[in-house]
Amino acid sequence: MDSPSAVVLAGGEGSRLRPLTRHRPKPLLPAATTPILEHVFDQLLEAGVTEITVVVGYGRNRVQAYFGPTYRNVPLTYVTQEQQLGSGHALLAAESEIEGTALVVNGDQIVEHGIISDVLEAHDRSSAATVGLLNRTDVASYGGVLVEDGSVTEIVENPEDERTYRFNAGVYAFEREIFDAIRDAEPRAGEQSLTDGITELLESDASVRGVVSEGLWVDSTYPWDLLDVSFDLFEAGIVDGTQAANVASSATIHERAVVREPVVIAPDCEIGAGAVVGPYACLGENVTVGSNAVVERSVVDADTRVGASATVMDCVTGVGVEIGNGTSIPGGPGDVRVGDRVFEDEDLGALLADRVIDRGGNTYVPGAIVGPEADIEAGATVRGTISEGTEVRS
Amino acid sequence: MCGIIGYTGTGGGVLDVLMTGLSGLEYRGYDSAGVAVANASLSVHKRQGEVSALEDALPDGDLDGLAGIGHTRWSTHGPPSDANAHPHTDCEDQVAVVHNGIIENYQELRGDLEASGHDFASETDTEVIPHLIESALSEGADREEAFREAVHQLEGSYAVAAVFDGNETVYAARNESPLVLGLGEDGHYLASDVPAFIEFTDQVVYLEDGQFARVNPSGIVVTDAQGAVVETAVETIEWDPEDAGKSGYDHYMLKEIHEQPTAIRKCLRERVNELEGSVGVEELSELECDGPVQFVACGTSYHAALYGARLLRERGIRAQCFLASEYDVGMVPVSSDTLVVGVTQSGETADTMSALRAANRSGATTLALTNVVGSSAARECDHVMYIRAGPEIGVAATKTFASQQVALAMLSSVLSEESSMEFVERLRDLPDQIQQVLDGSQARGVAEAYEDSDAYFFIGRGYNAPVALEGALKMKEITYKHAEGFAAGELKHGPLALVTEKTPVFAMLTGSDISKTLGNVKEVEARSAPVVAVTDSPDTVSRYVDHVLEVPSAGSRFTPILANIQLQLVSYWVANRMGRSIDKPRNLAKSVTVE
């Protein structure tokens with residue numbers, strides 16, 4: 001395919017990432033310091049894509065304001081999916097923007113460009129679809145595909161049987177037949193999915209190809225996964241963690257601060273005397289790290305302020321968080337409770353959602369999740385889950 | 001205020017370049033539009049209305065040529081009509097002319113020309129120019145001599161361009177109206193503003209007052225008033241042309257409202273240091289000012305200037321604010337230690353430029369606070385501070401107001417040499433706090449509730465008073481409804497007579513003045529008017545008002561910046577529900593380059 005155009009599905013909230021998705025969708029959450037969606041665009045451009053249609057919905061103002069009309073000189077066309085009724089439904093929203101073959105990827109999962117290029121190369125227009133595949137063992141958490149001689153015979157979401165599935169990378173090349181197939185497939189629980197559309201293609205004897213690739217494929221299912229995803233990007237070289245590459249020129253770093261690689265320090269950050277930032281620290285735009293504070297193995301989102309002498313380890317913050325002077329988030333494994341489920345021994349020092357105010361001198365027990373705009377008075381021990389807007393008194 | 005474009009090149013496509021240019025200039029006026037293309041004869045097409053009306057009126061098939069000029073008009077002399085649209089031609093259709101500005105002596109010139117037998121087709125001041133050229137041609141002058149002779153007779157402001165039949169050259173001249181030349185690969189451009197041709201080239205030369213340009217496919221020659229060739233500097237424009245896309249928003253105005261967090265980040269970048277508590281603006285490192293400060297500005301920029309003057313006074317600097325059109329150096333004392341600050345988004349606003357030029361002549365130090373690099377204000381003032389808001393296309397100013405406010409806050413710190421960690425912390429908090437307002441605003445619901453009102457009033461005191469004025473201006477501009485802003489205490493001294501149950505009152509209740517303004521709220525409630533509070537203290541005020549639009553607290557100086565965001569959204573949603581032409585309100589233009 002020559003200069004292909006891509007459709008990026010970025011309309012869903014990603015509700016398992018709550019409370020970080022209170023004001024913005026999962027594609028705008030940070031991987032290292034930039035939105036997941038920005039990495040998705042980078043990989044598409046790397047694969048030679050010259051036009052991108054972005055399906056937006058939940059929090060669309062934020063997506064459109066962040067990226068504007070172009071990304072690295074590639075024009076972005078936004079189409080709105082008013083209600084989020086499945087990945088197939090999302091693709092239908094882009095139907096009028098698509099001429100010829102469409103390359104379709106998810107806006108909330110980062111797929112290395114080689115996987116995308118392999119799909120583009122393998123696709124020929126006599127097939128209705130080509131699906132990118134990986135050899136991974138976690139098919140049950142995502143989707144599985146059965147392939148015979150390069151032809152897809154079955155595509156299943158969250159397969160639990162013992163057949164030898166390939167992992168569905170969520171990278172597709174589609175011909176226009178897909179639109180009718182999505183419409184013809186019976187919705188499940190009111191939702192139209194891409195996999196049901198592909199199943200419909202298979203049932204109509206259309207040719208669906210599968211191509212097995214290798215490369216990085218990362219997804220944040222839960223908020224603490226943002227840490228591993230960011231660190232994976234360092235390891236894979238997708239984010240260059242050297243100071244020369246990724247400390248913004250507009251950042252101000254005190255000569256007596258210590259910066260340890262890998263690290264990303266976005267524009268307008270300020271780092272005070274005696275502070276230690278990194279390794280594995282990702283500071284978003286306009287973050288302040290006070291004197292003698294320590295930030296390590298953490299993703300600190302834009303406009304957050306880490307107070308003097310605070311310790312921040314294994315921590316994920318939203319935007320505009322205030323971590324007070326002397327607060328300690330020592331990190332290490334802890335049990336995280338999400339609804340009725342308990343995730344044991346997750347490495348999460350704390351998750352502080354957008355605009356949490358911590359007034360200093362607090363201690364966080366690993367696994368703590370604090371909802372947006374919660375206000376934690378000085379001297380508290382914070383554990384468990386604290387909901388949005390709660391005032392915590394010591 | 002009008003926009004002009006000219007093009008000559010070897011690659012053909014003259015009409016396409018002109019039409020693209022006019023679309024890029026439409027923000028400067030859209031009462032009428034027209035083009036002239038030079039071949040063996042001149043083809044002139046013009047229509048009342050927006051550029052799309054001209055597009056519909058163009059003949060089918062090729063209209064290519066050697067060179068061409070185009071114009072989009074904002075009426076000054078003569079109402080919008082096909083006849084008054086530019087380009088204008090002479091009696092014999094040998095020359096076509098487009099013009100931005102005002103010819104002050106046109107009545108006299110027209111009288112002389114009519115007396116010597118010239119027939120005029122329009123009521124415009126511009127039409128004298130082609131007839132003057134014709135008259136010089138008939139006396140034996142060549143084209144360039146005729147053009148220069150005609151321009152030398154003009155008094156007033158102008159950016160003017162002309163093409164002749166059978167000729168590939170575009171002739172141009174400027175005096176007190178903007179004109180920029182563009183150097184492309186296959187041809188050369190001229191325009192009132194860079195967006196007109198940025199799609200084709202980013203290499204530009206700014207023409208200075210009194211200069212002439214001869215634009216040929218092979219090159220550009222700039223000369224001074226006497227005809228001597230002038231060396232010019234070629235500059236590279238760093239704007240991304242795609243910045244002019246709506247990126248999925250229904251209107252540029254809504255896009256620009258949502259761009260405010262980013263605009264403020266750029267405004268502050270490398271100018272503040274929180275851990276040191278310092279503010280430093282590189283462009284102003286040479287600025288020294290111990291004397292009084294006078295602000296001159298118009299419209300939204302005037303409201304920003306009112307806000308800025310108060311910031312300076314709070315820091316002990318004598319600061320006054322003047323409407324640029326009312327500024328008179330003879331009436332206010334201006335001396336060599338006075339700093340005159342012109343606040344102008346475009347850097348071309350004629351009223352502001354005129355005030356700044358008067359200040360320059362009277363020996364004051366001048367400072368331009370502007371968004372446009374290379375603009376007249378930036379070039380003519382002694383100092384310039386850029387607000388870095390990026391291009392603003394919507395005629396109603398939004399993000400540039402916020403950026404002006406933040407830039408003025410930094411200026412207040414630079415001039416007073418006072419700053420603190422807290423002050424800088426407040427500034428650096430603004431991008432996220434604006435985002436918070438945008439994320440949670442209930443303005444759309446308030447707009448729906450009060451869409452059918454007779455009028456809208458806005459009140460605020462202190463730093464909120466200019467915001468009340470700005471809120472009312474925004475409402476007027478894009479909804480065409482009656483709206484007024486008052487210092488809160490003034491309401492009872494007259495305007496209260498206008499207040500009824502059909503006139504909602506928007507009260508800015510932030511910072512330390514809440515209790516006094518609440519007193520004014522009770523005055524209007526006694527007259528049954530609905531009240532919308534824009535406040536950082538909902539718990540205190542909600543029981544007194546009908547609706548609350550909440551903003552985070554940013555201190556008494558900066559919370560009004562956040563309150564204004566809510567008012568922008570209310571106006572936007574009222575105008576949206578009324579189906580108004582939000583990005584191009586009737587009778588208005590983005591930057592007004594006539595006095």
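In the predicted model, the C-alpha centres of domain 2 and domain 3 of chain B are 24 Å apart. The domain assignment, whose bounds come from an automatic or database source, divides chain B into domain 1 (2-242), domain 2 (246-252 + 260-433) and domain 3 (441-595). To the contact, domain 2 of chain B contributes 31 residues and domain 3 of chain B contributes 30 residues; two residues are in contact if their C-beta atoms, placed from the backbone, lie within 7 Å. On the side of domain 2 of chain B that touches domain 3 of chain B, two or more residues each come from helices H8 (299-314), H9 (350-361), H11 (399-416) and H12 (421-440) of chain B. Helices (H or I, at least four residues) and strands (E, at least two) are DSSP runs, numbered from the N terminus. The most is given by H8(B), with seven residues. By class, this side of domain 2 of chain B comprises twelve nonpolar, 14 polar and five charged residues (Ala, Val, Leu, Ile, Met, Phe, Trp, Tyr, Cys and Pro count as nonpolar, Asp, Glu, Lys and Arg as charged, and the others, Gly among them, as polar).

Chain B also contains an open sheet of eight strands, in the order S3-S2-S4-S1-S10-S9-S11-S14, with antiparallel pairing; two strands pair if DSSP finds at least two bridges between them. Strands S3 (42-48) and S14 (235-236) of chain B are the edge strands, each pairing on one side only. Five antiparallel bridges join strand S1 (residues 2-9) of chain B to strand S10 (residues 187-191) of chain B. Gly6(B) has Leu190(B) in S10(B) as its bridge partner. Helix H1 (residues 14-25) of chain B packs on the sheet, where H1 touches S1, S2 (32-38), S4 (67-73) and S10 of chain B. The directions of H1(B) and S4(B) make an angle of about 20° (axes are lines fitted to C-alpha atoms, for helices over the stretch in contact, and angles run from 0 to 180 degrees between N-to-C directions).

Helices H3 (residues 106-115) and H4 (residues 128-138) of chain B pack with their axes 10 Å apart and at an angle of about 45°. H3(B) is therefore oblique to H4(B) (angles under 35 degrees count as roughly parallel, over 145 as roughly antiparallel, 65 to 115 as roughly perpendicular and the rest as oblique). Tyr106(B), Leu109(B), Arg110(B) and Leu113(B) of H3(B) meet Val128(B), His131(B), Leu132(B) and Ser135(B) of H4(B). This contact has five nonpolar, two polar and one charged residues.

Residues are numbered from 1 along each chain as its sequence is written, with chains lettered from A and ligands numbered from 1 in the order in which they are written. For this predicted model, local features need pLDDT of at least 70 and side-chain atom pairs count only at pLDDT 80 or more, while totals for chains, interfaces and linings use all residues.
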